Amino acid sequence: MTSASSPGSPRKPAWRSVSASCGSCEGIHMPSSAWAEALRASRNENTAKMKGKLEADVRSALIEEGKTLKAQIADTEEELKRVEEEYLRLGRTIPNYAHPDAPLGKDESDYTILRHVGTPPTFSFKAKDHVQLGEELDLIDFDTATRVSGPKFYYLKREAVLLQMALERYALDITLKKGFTPFITPDIAREEILMGIGFNPRGEESNIYTIEGMDACLVGTAEITLGGYYAGQVLDKKDLPIKMSGLSHCFRREAGASGQYSKGLYRVHQFSKLELFIYCLPEDSERYHNEILAIEEEIFSGLGLAYRVVDTCTGDLGAPAYRKFDIEAWMPGRGESGEYGEVTSTSNCTDYQSRSLSIRYKDDDGKNQHVHMLNGTAVALSRAIVAILENNQNEDGSITIPPALVPYTGFDTIKARS
RNA sequence: GGAGAGAUGUCCGAGUGGUCGAAGGAGACGGACUCGAAAUCCGUUGUACCGCUUGCGGUACCGAGGGUUCGAAUCCCUCUCUCUCCGCCA
């Protein structure tokens with residue numbers, strides 16, 4: 001399903017955590033559409049015979065023939081529609097290939113750590129987690145949000161509001177310097193777009209909120225709205241790459257997710273995120289994947305946070321992803337005495353999404369080819385706030401603002417409340 | 001939200017049931033004329049998919065989706081968008 005510009009062979013879908021086949025369905029689908037086309041050709045031929053003046057009995061014979069054809073076409077098209085739906089449904093269960101260098105493995109424990117950057121801070125006192133910090137400094141109110149909206153919602157208050165906005169602008173400015181066009185996207189998208197990007201909006205395990213009475217969902221990420229932007233279009237080769245940087249709210253059902261590792265702001269139903277998205281030529285996608293990762297690293301190292309870069313294993317890749325890198329920032333309040341927690345994720349989806357969304361460009365021979373599509377987190381605000389609060393806490397209960405954010409916040413410390 | 005008008009190819013624009021993939025014009029490209037250019041004249045010029053294959057054949061596409069009919073750009077229904085007027089609103 002893809003062409004990789006990399007040594008070695010792409011990992012076959014067999015290495016993924018799913019199995020699927022629609023070969024048998026294809027064997028029915030192709031002949032059906034050819035037969036429907038042949039019948040339509042007969043109908044058009046029949047129609048063409050009736051153009052001039054005709055004897056009455058010749059005309060009525062042709063009309064009778066047309067009626068027969070009409071019935072056959074109706075039957076065939078009904079069958080074709082049924083087969084086509086099944087074909088597409090099965091097709092969506094087939095994941096992308098995986099990059100030859102992606103680590104082979106079954107689940108998230110089989111990742112490869114590519115590098116560690118920065119040193120986790122040490123504290124001469126017992127470090128608090130962001131939930132406690134947020135409460136003591138009156139920055140985050142989970143309890144009221146639970147009463148007003150439900151569990152896993154939160155109010156940001158006071159300096160936390162300014163901190164979030166500062167982070168947004170700090171990250172946006174970096175992406176602007178890298179040539180990304182800024183967007184604020186809709187927070188709702190049609191189901192067909194969700195499915196084209198590779199999300200399943202329906203079903204028990206879906207992480208997506210659907211909207212009653214509409215064929216639309218709340219987006220879980222701006223990847224959906226940025227990736228849907230050019231759905232159905234043929235792009236000019238000279239306009240590639242297209243680099244977008246989109247801010248949106250993100251809504252996730254997170255059914256069943258709870259416990260120590262999901263506490264506080266780490267896993268919530270609603271957060272804001274600045275997402276990077278690139279449409280490019282197939283031969284360039286690997287290079288741009290590394291570029292997105294480099295921007296993510298620049299954003300997080302610029303905040304003075306220690307992090308590691310993870311190369312996700314084949315079994316833990318989402319269906320559209322050919323390769324995925326995560327950045328995990330050190331979070332002192334996580335686990336017993338601090339652990340790494342995911343703050344960004346960037347995927348090269350090659351032509352997987354562009355095939356289902358039909359996003360193409362005209363190559364030098366005038367043939368339409370599918371573009372490659374990549375996405376990555378610039379900054380997920382809620383998780384960045386977790387990392388900043390926990391890493392920059394002081395013994396007196398105050399929080400030091402990372403110097404890179406001070407021009408945006410206008411203050412350098414969140415003072416302890418007495 | 002209410003009333004009315006509209007949506008046709010790169011653009012403008014004709015087309016109210018079969019001879020329409022679609023007149024005419026503009027633009028673009030090729031050619032003639034010219035030392036060259038302009039003007040003029042002649043010709044070519046939509047997209048996607050499929051099959052043989054460098055040309056031809058087939059199918060689909062006149063805002064989108066459904067319907068009527070042997071046959072739909074054309075008739076009917078629904079929706080979307082644009083314009084005008086009224087109402088409402090950040």
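**Close-up views of a predicted model**

**View 1. Helices α5 and α10 are roughly perpendicular to each other, a term for angles of 65 to 115 degrees, with under 35 being roughly parallel, over 145 roughly antiparallel and the rest oblique.** The model is predicted: local features require pLDDT of at least 70 and side-chain atom pairs pLDDT 80 or more, whereas totals for chains, interfaces and linings use all residues. Residues are numbered from 1 along each chain as its sequence is written, chains are lettered from A and ligands numbered from 1 in the order in which they are written, and side-chain values use heavy atoms, without hydrogens or water. Helix α10 comprises residues 381-391, and its packing angle with α5 is about 115 degrees, the axes lying 10 Å apart. Axes are lines fitted to C-alpha atoms, for helices over the stretch in contact, and angles run from 0 to 180 degrees between N-to-C directions. Helices (H or I, at least four residues) and strands (E, at least two) are DSSP runs, numbered from the N terminus. The crossing of α5 and α10 is right-handed, that is, the near helix is turned clockwise from the far one by less than a right angle, anticlockwise being left-handed. A160, L163, Q164, L167 and E168 of α5 meet L381, A384, I385, I388 and L389 of α10, a contact being heavy atoms within 4.5 Å. These residues divide into 8 nonpolar, 1 polar and 1 charged (nonpolar: Ala, Val, Leu, Ile, Met, Phe, Trp, Tyr, Cys and Pro; charged: Asp, Glu, Lys and Arg; polar: the others, Gly among them). In α10, 11 of 11 residues are buried (under 20% relative accessible area; exposed is over 50% and partly exposed in between, with a 1.4 Å probe and protein chains only).

**View 2. Helix α5 (residues 159-177) packs against helix α8 (residues 285-302) at an angle of about 140 degrees, with 10 Å between the axes.** The arrangement of α5 relative to α8 is therefore oblique. The crossing of α5 past α8 is right-handed. On α5, Y170, A171 and I174 form the contact, and their partners on α8 are I295, E298, I299 and G302. Sorted by class, the contact of α5 with α8 contains 5 nonpolar, 1 polar and 1 charged residues.

**View 3. Helix α8 has 18 residues and spans 25 Å from its first C-alpha to its last.** This span is close to the expected 26 Å, which is 1.5 Å times one less than the number of residues. The buried residues of α8 include Y288, H289, I292, L293 and F300. I295 and I299, which contact α5, are also among the buried residues of α8. Just after α8, G304 adopts a positive phi of about 75 degrees.

**View 4. H116 lies in strand β1 (residues 112-117).** H116 is partly exposed, at a relative accessible area of 48%. Beyond its neighbours within four places in sequence, H116 contacts Y307, R308 and Y340. From H116 to N200 the C-alpha to C-alpha distance is 34 Å, at 84 residues apart in sequence.

**View 5. F199 occupies the loop between α6 (191-197) and β6 (216-218).** With a relative accessible area of 28%, F199 is partly exposed. Setting aside neighbours within four places in sequence, the residues in contact with F199 are L194, I208, T221, E223 and I224. T312 is 113 residues from F199 along the chain, and their C-alpha atoms are separated by 19 Å.

**View 6. Chain A contains 11 helices and 17 strands.** The C-alpha trace of chain A spans about 100 × 50 × 40 Å along its principal axes. Of the 418 residues in chain A, 47% are buried.
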